[in-house]
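Subject: Structure for your review

Dear colleague,

Please find below the structure that I am handing over to you. My findings follow it, and I would be grateful if you read them with the structure open.

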Amino acid sequence: MAVTSATWRPDSWRERRALQQPAWAEPAAAAASVARLKTSPPLVFAGEARALREQLAKAIDRRAFLLQAGDCVESFNELSTMRIREKLKIMLQMSAVLTYGATLPVVKVGRIAGQFTKPRSDEFEVVDGEEIPSFRGHMVNGDEPDAEARVPDPRRMIEGYNQSASTLNLLRAFTKGGYADLTQVHLWNKDFVASSPEGRRYEALAMDIERALAFMAACGIDLAAERRLHEVDVFTSHEGLLLDYEEGLTRQDSLTGDWYDCSAHLLWVGERTRGLDDAHIEFFSGVHNPIGVKLGPAATPDDVVALCERLNPLRVPGRLTFYARMGADHVRDLLPPLLRASRDEGHPVLWASDPMHANTIRTADGVKTRRFDTIMREIEGFFAACWQENVWPGGVHLEFTGEDVTECLGGADDVVEEQLSTRYETLLDPRLNARQSLDLAFRLAELMRR
Ligand code: PEP
Ligand code: CO
């Protein structure tokens with residue numbers, strides 16, 4: 001099932017225009033890092049990426065729903081068991097709400113174990129009157145606001161690989177080792193969430209799930225023997241931005257002979273780097289992982305069809321996901337023509353909503369934030385556009401954290417502007433906190449039932 005063109009190679013992107021790449025100070029050191037990655041074990045296996053592709057294929061035609069979420073950017077300084085577990089907990093909680101509320105399997109994909117690079121609109125920022133290079137994620141440079149920290153260092157790619165490996169190891173242990181067991185559904189509710197209205201609502205739902213399990217056991221079903229009640233699949237994803245790194249982790253699958261980018265199960269191409277003839281689309285046209293592409297308000301129906309042809313010429317369902325990130329005020333008008341374009345050409349596409357990236361605002365004090373209501377409004381607009389075109393609204397792509405941060409405004413918890421500084425910890429974009437995420441899941445389940 002090779003999609004790969006005769007001219008494609010893991011390094012063929014180097015002949016194209018590559019946007020948003022760091023200018024490494026020492027090209028030889030960068031080449032050494034890439035060479036080292038090429039001899040390192042893959043982080044994920046081709047078979048796992050194929051399993052995800054099959055699950056995503058179900059989300060195209062109403063048989064599943066994609067929940068993709070995690071940090072805007074992960075941090076080298078936050079590799080703690082606790083933080084990873086908290087992220088997994090909220091993912092499992094949201095997923096329980098959606099699975100139970102909408103009676104559909106939820107495909108769980110983290111922005112995790114490799115989300116260490118960021119595209120930037122501005123190459124420089126001004127700090128204390130001095131112009132310094134922008135922060136591009138810990139796999140490229142440091143976030144400290146001084147010129148020295150911002151020098152891109154290719155050794156960071158090795159550190160990023162190592163951190164991804166430890167994160168993934170813990171994630172695999174949690175998801176396969178009993179923590180994600182459905183009989184633990186109460187344990188996923190955290191103290192600071194449990195006391196809130198959405199936390200109590202979750203408690204009631206967890207009780208229903210417990211009763212349903214007890215009922216099945218009473219009917220003689222051997223719950224202990226049913227693996228699917230005790231383990232879950234949580235897949236990994238990140239923006240495939242830093243092509244040196246992605247090339248370094250690309251391997252040829254011994255079973256099929258196809259190329260896979262073994263840095264994560266799913267890779268997406270950002271709004272700023274999706275040029276049809278540019279390096280990123282060239283690179284991701286050749287690897288066989290499930291691929292996502294962000295589509296902002298400027299995307300045209302022709303862009304959609306051209307990306308489909310280029311990234312999925314064999315029309316494999318689950319291979320290609322588009323994330324609409326149009327803005328709450330525009331999605332209802334801008335999305336339908338794009339949905340029609342892929343549908344009329346008969347391309348299998350999973351359509352998902354990224355309600356975060358076109359709804360970022362600044363407060364009067366200059367703090368970057370997002371309003372919970374605006375995020376919900378974009379999701380509702382996305383659903384409305386999909387229903388109108390008879391396309392299944394197949395998923396959401398969110399930025400959240402398991403912590404009790406105050407980065408987004410509103411939600412049942414009602415974070416107000418004055419509170420933003422209380423716990424504002426993100427390295428870049430404002431994330432939903434655990435309560436806001438759970439609140440969003442309940443509203444999403446209601447939308448899906450409609
Ligand atoms: C992101 O997902 O963090 C991001 C930068 O998104 P976009 O490419 O849609 O702006
Ligand atoms: Co972001």
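Helix H3 passes helix H6 in a left-handed crossing. Please note that this is a predicted model. Two packed helices are described by the angle between their axes and by the distance between those axes. For H3, which spans residues 81-102, and H6, which spans residues 197-218, the axes come within 11 Å and cross at roughly 65°.

Which residues meet where H3 and H6 are in contact? From H3 they are Gln93, Ala96, Val97 and Tyr100, and from H6 they are Tyr202, Leu205, Asp208 and Ile209. Sorted by class, this contact of H3 with H6 has six nonpolar residues, one polar residue and one charged residue.

I turn next to the ligand. The residues surrounding ligand 1 are Arg111, Lys118, Pro119, Trp268, Gly270, Glu271, Arg272, Lys294, Arg325, His357 and Glu399. By class, this shell around ligand 1 holds seven charged, two polar and two nonpolar residues.

Some of these residues also place polar side-chain atoms beside oxygen atoms of the ligand. In the side chain of Arg111, an N or O atom is 2.9 Å from an oxygen atom of ligand 1. For Arg272, a polar side-chain atom likewise lies 2.9 Å from an oxygen atom of ligand 1. For Glu399, the distance from a side-chain N or O atom to an oxygen atom of ligand 1 is 3.3 Å. On its own, ligand 1 has 290 Å² of accessible area, and the protein covers 97% of it.

Gln20, in the segment before helix H1 (27-38), has a phi near 65°, a positive value in a residue other than glycine. Arg62 is not a glycine either, and its phi is positive at about 70°. Arg62 is found in the loop between helix H2 (46-60) and strand S1 (65-70).

Yours sincerely,
A colleague

Technical notes: Residues are numbered from 1 along each chain as its sequence is written. Chains are lettered from A and ligands numbered from 1 in the order in which they are written. This is a predicted model: local features need pLDDT of at least 70, side-chain atom pairs count only at pLDDT 80 or more; totals for chains, interfaces and linings use all residues. Side-chain values use heavy atoms; hydrogens and water are left out. A residue is near a molecule or strand if one of its heavy atoms lies within 4 Å of it. A polar contact is a pair of N or O atoms within 3.5 Å; within protein, one must be able to donate a hydrogen and the other to accept it, and residues adjacent in sequence count only if both atoms are side-chain atoms. Accessible areas come from the Shrake-Rupley method with a 1.4 Å probe; for residues, only the protein chains shown count as cover. Ala, Val, Leu, Ile, Met, Phe, Trp, Tyr, Cys and Pro count as nonpolar, Asp, Glu, Lys and Arg as charged, and the others, Gly among them, as polar. Axes are lines fitted to C-alpha atoms, for helices over the stretch in contact, and angles run from 0 to 180 degrees between N-to-C directions. Helices (H or I, at least four residues) and strands (E, at least two) are DSSP runs, numbered from the N terminus. A crossing is left-handed if the near helix is turned anticlockwise from the far one by less than a right angle, and right-handed if clockwise. Contact means heavy atoms within 4.5 Å.
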